[in-house]
Amino acid sequence: MSQTVHRRGRWRPRLDRPALVALLFGLAGVGYRLVLTLHTVPVSNSDEATFGLAALHIAQGRELPVFLYGQRYMGVLESYLAAPLIAVAGPSWPLLRLPLLLLYAVFLWLIHRLTRRICSPWFATLVVGLLALGGERVVRDQLTVVGGRPEVKVAVLLMLLIAVGLARGTVRHRRLAVGLFGLLAGVAAWSDWLILPYLLVAALVLAWAARRELLGAAGALLLAGFAVGIAPMIRDNLVAPPGEDSLSVFREISTREGPTPSWSQRLDGGLLEGVPLAAGLCPVDGCARWQGWFGLLYPVLLAVAAALAVLAYRRAAGAPRGERVGPVVHLALVVGAALTLLSYVRSPLAATSPLDNARYLSVLQLSLPAVLWPLWVAAVACWRGTVGVLGRLAGALATAVLAALAATTLVVTVLFAITGAEASRVEERQARELADTLRAGGPHEVYGDYWTCNRLVFNTGEEVVCAVLDDGLTPGQNRYRAYWRQVGRAARPGYVLEAGSAAERRLRRLLGDRADAALVTEVAGYRVYHPETPVRPWR
């Protein structure tokens with residue numbers, strides 16, 4: 001553990017060996033992600049650009065959005081965090097992502113502190129080492145500004161540390177700490193609803209740790225803090241038109257009609273694809289069948305971890321509350337992971353689109369200490385020789401699982417750093433080339449597809465405005481309606497379409513003999529058309 005050293009009137013903390021190794025792992029993880037951030041890896045997209053445009057509008061004082069443009073359930077806290085940087089230096093992908101890099105560093109520090117308090121120092125070092133690694137799926141969830149997950153993980157860890165401190169009596173201002181707990185819960189609920197299972201279990205830990213205090217002033221501060229944190233969401237829902245409040249929109253998305261996959265298909269997509277992808281054991285394009293081993297093992301580890309937590313709690317019966325808080329937090333992390341996984345596999349998307357939706361399991365990183373703790377306990381008991389033959393066999397197997405987990409994660413990380421990162425850099429250069437071409441020579445009001453438009457607008461700092469059309473050249477998903485109206489008023493808009501796409505073929509059919517004359521340039525896989533007469537078939 002960290003020790004305080006007094007020498008010649010000077011004070012400085014000294015790290016013990018596990019903490020020092022964890023610090024080196026953490027610095028390596030942050031440094032690796034800093035390099036990726038500076039090179040805009042993973043590649044940007046229009047979803048992220050929408051958050052960037054919200055940050056630009058906040059920086060300019062034009063808008064104060066509560067939710068992401070075009071929807072009413074994803075908070076834009078990440079846009080507010082990036083707004084001061086963009087106000088100083090203008091639109092930039094590295095600046096947009098820099099707050100998330102800082103959140104990742106805080107996440108590593110907090111999960112190390114929590115794991116040391118409820119587990120052991122060297123195990124906390126192992127957890128930090130695993131979290132310092134990351135292939136494209138993992139770092140995309142950590143570094144790209146697509147809403148919610150980086151900040152809510154930090155919030156939950158702080159909430160659990162507050163509860164642990166309250167149980168052990170190490171918190172000086174207890175009522176203020178409870179109020180901060182409520183504030184963090186409110187902000188997290190506004191930012192991303194995926195964190196609700198963890199907010200629930202964290203609240204139960206708090207109720208266990210300080211139940212008597214919550215009946216008085218501390219409980220009032222808890223509610224007040226939560227109300228302040230979630231106030232933006234409440235206010236927006238109060239003024240939302242009928243059917244456009246957060247619950248209605250979220251319910252509509254969750255109940256869209258379509259084929260209903262079987263439970264076996266959902267479990268296959270959720271466990272064998274989703275869990276290994278979220279854990280960083282597979283490349284971003286999917287898992288081979290053999291790579292699904294961790295997904296099969298995951299529910300078993302959750303069950304064993306829950307049993308160990310209950311057993312430890314019962315053994316500590318009669319001990320001070322501070323000595324029993326560790327098993328309580330373990331059990332909370334297990335239940336949070338189980339509820340998150342259950343919620344995910346209930347969705348048809350777990351079966352129909354596991355690659356795109358595995359990002360919703362990134363919050364399972366919060367439960368990594370609890371999930372791996374049974375393996376660590378078995379491995380340590382084996383190598384210390386404190387168990388019998390069966391215990392040694394179980395310990396050797398646990399050691400092999402931990403080694404396989406670390407080795408697989410390292411291989412996926414190295415492969416991404418060597419090969420996948422370069423592919424992202426090439427695509428990013430092409431997007432920048434397209435933006436520079438249009439900024440310099442026009443047209444400045446254009447139509448395009450969804451994955452082109454907002455990224456183009458952000459890359460040009462709104463010098464080029466783009467409105468979204470679908471493949472049939474009819475209005476598409478226009479998140480920021482002001483762009484659609486501006487392009488709609490243009491006397492002679494342009495069209496930026498991927499070469500050979502269905503939308504381009506449709507445009508050429510509508511232009512007929514004028515198609516070649518309207519083509520002004522071809523750049524970065526796109527063709528830019530600027531016809532004399534606008535083509536707006538929906539009118």
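**Ground rules.** I number residues from 1 along each chain as its sequence is written, and my side-chain values use heavy atoms, without hydrogens or water. Because the model is predicted, local features need pLDDT of at least 70 and side-chain atom pairs count only at 80 or more, while totals for chains, interfaces and linings use all residues.

**Entry 1: two helices.** I looked up H3 (residues 77-89) and H4 (residues 93-118), and found that they pack at about 130° with axes 8 Å apart. Helices here are DSSP runs of H or I with at least four residues, and strands are runs of E with at least two. Axes are lines fitted to C-alpha atoms, for helices over the stretch in contact, and angles run from 0 to 180 degrees between N-to-C directions. The angle makes H3 oblique to H4 (under 35 degrees is roughly parallel, over 145 roughly antiparallel, 65 to 115 roughly perpendicular, and the rest oblique).

Which residues of H3 meet H4? I noted Glu78, Leu81, Ala82, Leu85, Ile86 and Ala89, with contact meaning heavy atoms within 4.5 Å. Leu95 and Pro99 are among their partners in H4.

**Entry 2: a sheet.** Next I followed five strands in an open, mixed sheet, ordered S4-S3-S5-S7-S6. S4 (465-468) and S6 (519-523) are at the edges with a single partner strand each, so one side of each has no neighbour in the sheet. S3 (residues 445-448) and S5 (residues 494-498) pair in the parallel sense over three bridges; pairing takes at least two DSSP bridges. Val446 has Gly494 in S5 as its bridge partner.
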